[in-house]
Amino acid sequence: MADQPADKKFFENLSGAGKAIGVLTSGGDAQGMNAAVRAVVRMGIYVEAKVYFIYEGYQGMVDGGDNIVEVSWESVSSILQVGGTVIGSARCKAFRTREGRLKAACNLIQRGITNLCVIGGDGSLTGANLFREEWSGLLEELAQNGQIEEEAVKKYAYLNIVGMVGSIDNDFCGTDMTIGTDSALHRIIEVVDAIMTTAQSHQRTFVLEVMGRHCGYLALVSALACGSDWVFIPEYPPEEGWEEQMCVKLSENRARKKRLNIIIVAEGAIDCHNKPITSEQVKNLVVQQLGFDTRVTILGHVQRGGTPSAFDRILASRMGVEAVLALLEATPDTPACVVSLSGNQAVRLPLMECVQMTQEVQKAMDERKFCEAVRLRGRSFENNLNTYKLLSHRRPDAEPPKDDLSCSTNFNVAVLNVGAPAAGMNAAVRSAVRVGITEGHNMFAVIDGFEGFARGQIKEIKWGDVGGWTGQGGSLLGTKRTLPAKYLEKIADQMRANNINALMVIGGFEAYLGLLELSAAREKYDEFCVPMVMVPATVSNNVPGSDFSIGADTALNTITDTCDRIKQSASGTKRRVFIIETMGGYCGYLANMGALAAGADAAYIFEEKFDIRELQANVEHLTEKMKTSIQRGLVLRNENSNENYTTDFIYQLYSEEGKGVFDCRKNVLGHMQQGGAPSPFDRNFGTKISAKAVQWISKKLRETYRKGKVFANTDDSVCLLGMRRRNLVFQPVVELKDQADFEHRIPKEQWWLKLRPLMKILAKYKTSYDVSDSGRLEHVARHSPKEVETGAI
């Protein structure tokens with residue numbers, strides 16, 4: 001441990017010995033709750049604390065007895081991929097009374113539990129905070145009644161509470177995403193994709209009702225992710241006369257040969273007078289006004305069901321570990337906190353600040369202050385809504401762009417895909433084309449990357465040409481890995497011939513290299529002196545300057561789904577270890593995060609060197625595991641993790657060393673990781689990041705247009721738009737050179753490597769976990785509209 005940097009803080013000095021942690025799920029269930037429960041249990045046991053399940057939420061705490069049970073490491077095996085909550089959840093009237101809380105306190109004291117991890121919504125967490133505030137008074141009353149000893153009052157003097165928000169509605173302020181939201185979006189998008197095929201066959205209109213009594217997040221994001229014609233949400237009621245506007249839009253879309261219409265209605269949708277708008281009402285309106293064949297589909301509890309997505313498993317696992325750390329570090333003066341997600345960071349926020357802001361949203365909506373309600377929802381929600389507004393209303397051809405560019409010309413902006421295909425690329429292209437047209441540009445599509453560019457495979461692309469693209473996998477424009485260096489003159493000729501004034505490149509590491517080459521060629525070719533921007537899209541997630549890339553989430557879900565099936569097959573045969581090879585080039589993102597999402601025992605990646613001793617230690621670890629009730633193993637290997645320790649080598653080593661204890665199978669996932677319909681995250685991320693990129697292009701065109709010509713030759717006119725920690729940031733590609741390992745095509749620093757020890761801890765390996773970013777209690781940010789412009793996704 002001597003080689004660890006002095007400024008880093010590791011949790012070895014945080015011991016849970018002598019402490020008891022209770023974990024419960026309360027309120028409505030949400031996919032991913034089990035992953036959070038698993039993380040709390042395993043992290044708790046890892047730090048030598050006792051961990052107890054509290055079955056049936058607060059009701060189990062009040063009833064006591066067999067509802068509060070100490071658990072072991074094996075108790076949470078095989079629950080990671082299960083939806084709902086295995087420890088049950090219930091509404092509890094008794095806990096709302098002091099008498100009920102008195103019983104609950106007595107039951108906890110009998111087991112020495114003074115640390116509670118509550119997974120639920122704002123009601124559940126508010127109840128936990130009240131319980132904490134009353135704790136000392138409850139203990140004194142129990143002592144007076146003779147139910148506990150006076151010593152116990154001193155010994156268990158204060159109660160620590162840490163919350164995690166499990167709610168598919170994403171209606172809790174202070175966090176970008178709540179546990180279960182991403183999985184609910186998966187269910188909605190699966191249904192929408194299925195409905196679209198039948199609707200197109202019959203030229204139908206479908207009205208989809210999704211959950212969200214008080215919050216329109218699910219409706220809004222699913223509308224973005226499927227390119228719906230109209231959406232109704234509580235926070236953004238339609239203006240007077242919306243009925244006519246909607247019917248005009250639907251009939252215009254039908255006139256442009258669009259064979260289906262999708263309207264999404266949140267169950268809590270209202271008009272500007274706070275009167276409900278129902279799915280049946282919308283259907284009747286369409287039938288009466290337009291005579292379209294219209295159907296209503298109410299998704300209901302389907303949205304709560306099914307297996308949790310990879311995103312929710314990783315989010316819940318991170319939150320569970322962070323919650324245990326927060327409990328270990330808590331003092332009597334620490335306020336009850338909630339573990340939240342901001343960008344890609346887990347943060348701790350005061351529980352009651354979050355609850356108060358959540359209640360302020362409802363108050364603002366009751367008072368019809370809808371702009372205020374949207375602002376209070378946070379940057380992520382506001383960005384979603386702004387992007388939807390940009391994409392939903394087509395600008396009539398005769399109407400001037402909303403933003404005067406101080407010139408008489410319409411700019412020509414070209415969009416191309418470069419590198420390997422990635423799910424979500426098409427959503428990004430659709431967004432770029434439509435926002436570009438809204439901004440007043442002529443949009444051009446380049447077929448087959450830089451190779452097609454050199455051949456002149458360029459065509460103007462209109463608003464209707466990209467209809468239905470959000471749900472399509474792969475790259476409809478075609479994409480090649482070819483770099484532009486050998487075609488510079490031909491590409492310059494095509495730029496000149498088509499009068500291309502700006503360039504948007506969607507792709508992976510090749511796209512980054514391509515922009516570097518075009519930037520360097522500016523000295524020789526004036527045609528490249530135009531604004532150029534790159535949007536990262538690659539399953540490998542290996543682009544410098546961005547924590548996330550379009551396509552990586554879809555690939556991760558493919559890996560996770562496959563691992564689930566493989567684990568299921570192993571549970572029938574017993575004593576079997578599967579070795580699975582993932583894509584990613586030299587970047588271990590998919591292997592590491594896939595291992596975390598699937599509950600793997602090990603993940604071999606290029607970024608963390610390993611040798612034969614570590615392979616041997618992993619075999620021994622699995623041998624010990626086979627002696628328990630969990631008689632299966634899962635090992636992931638990144639394709640380029642080591643040139644000598646290949647997947648075949650590891651398979652043969654495990655097979656030989658595991659003889660008589662376990663047998664082995666191997667599986668190379670290959671190109672299935674690049675295929676399939678894009679996940680809601682990739683559709684949404686691609687849509688929003690592209691919209692932002694085109695707005696940046698418009699700004700740069702304004703700045704660089706002089707005397708009838710665009711001329712941009714500064715470093716900040718060739719940028720990569722990336723997600724960094726909590727914000728979307730434009731970074732000159734030249735400045736990112738120092739951050740890139742060009743030989744292995746990966747960034748020199750990768751944020752997700754901090755999560756690597758977390759995967760090992762949950763697989764029962766002893767390791768050190770850097771908690772430098774943890775431990776700081778932040779306050780709930782109240783942002784300004786300006787922050788939204790520069791802000792998070």
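## Close-up views of a predicted model

**View 1. Arg-496 and Glu-527 join their side chains in a salt bridge, at 2.3 Å from N to O.** We are looking at a predicted model here. This pair links distant parts of the chain, 31 residues apart: Arg-496 belongs to helix α16 (residues 488-497), while Glu-527 sits in the loop between α17 (509-520) and β17 (532-536). Arg-496 is partly exposed because its relative accessible area is 49%, whereas Glu-527, at 19%, counts as buried.

**View 2. A salt bridge connects the side chains of Glu-581 and Arg-637, with 3.6 Å from N to O.** Two strands supply the partners, which are 56 residues apart: Glu-581 comes from β18 (residues 576-582) and Arg-637 from β20 (residues 632-638). Glu-581 has a relative accessible area of 17%, so it is buried. Arg-637 is buried too, with a value of 2%.

**View 3. Asp-601 meets Lys-625 in a salt bridge of 2.7 Å, N to O.** Asp-601 lies in the loop between α19 (589-598) and β19 (602-604) and Lys-625 in helix α20 (residues 612-625), so the bridge ties together parts 24 residues apart in sequence. Both Asp-601 and Lys-625 are buried.

View 4. For context, the whole structure holds 35 salt bridges.

**View 5. Arg-91, Lys-93, Arg-96 and Arg-213 make up a positive surface patch.** Take a look at Arg-213, in the loop between β6 (205-210) and α7 (217-226). Arg-213 counts as exposed because its relative accessibility is 57%.

How values were computed. Residues numbered from 1 in each chain as written. Predicted model: local features only at pLDDT ≥ 70, side-chain atom pairs only at ≥ 80, totals over all residues. Heavy atoms only, no water. Patch = residues over 30% accessible without salt bridge, like charges linked within 9 Å, V, L, I, M, F, W, Y side chains within 5 Å. Areas by Shrake-Rupley, 256 points an atom, 1.4 Å probe, with all protein chains shown as cover. Salt bridge = Lys/Arg side-chain N within 4 Å of Asp/Glu carboxyl O. Lys, Arg positive; Asp, Glu negative; His and termini not counted. Charge placed at Lys NZ, Arg CZ, Asp CG, Glu CD. Helix = DSSP H or I, 4+ residues; strand = E, 2+ residues; numbered from the N terminus. Buried < 20%, exposed > 50% of the residue type's maximum accessible area, 1.4 Å probe, protein only.
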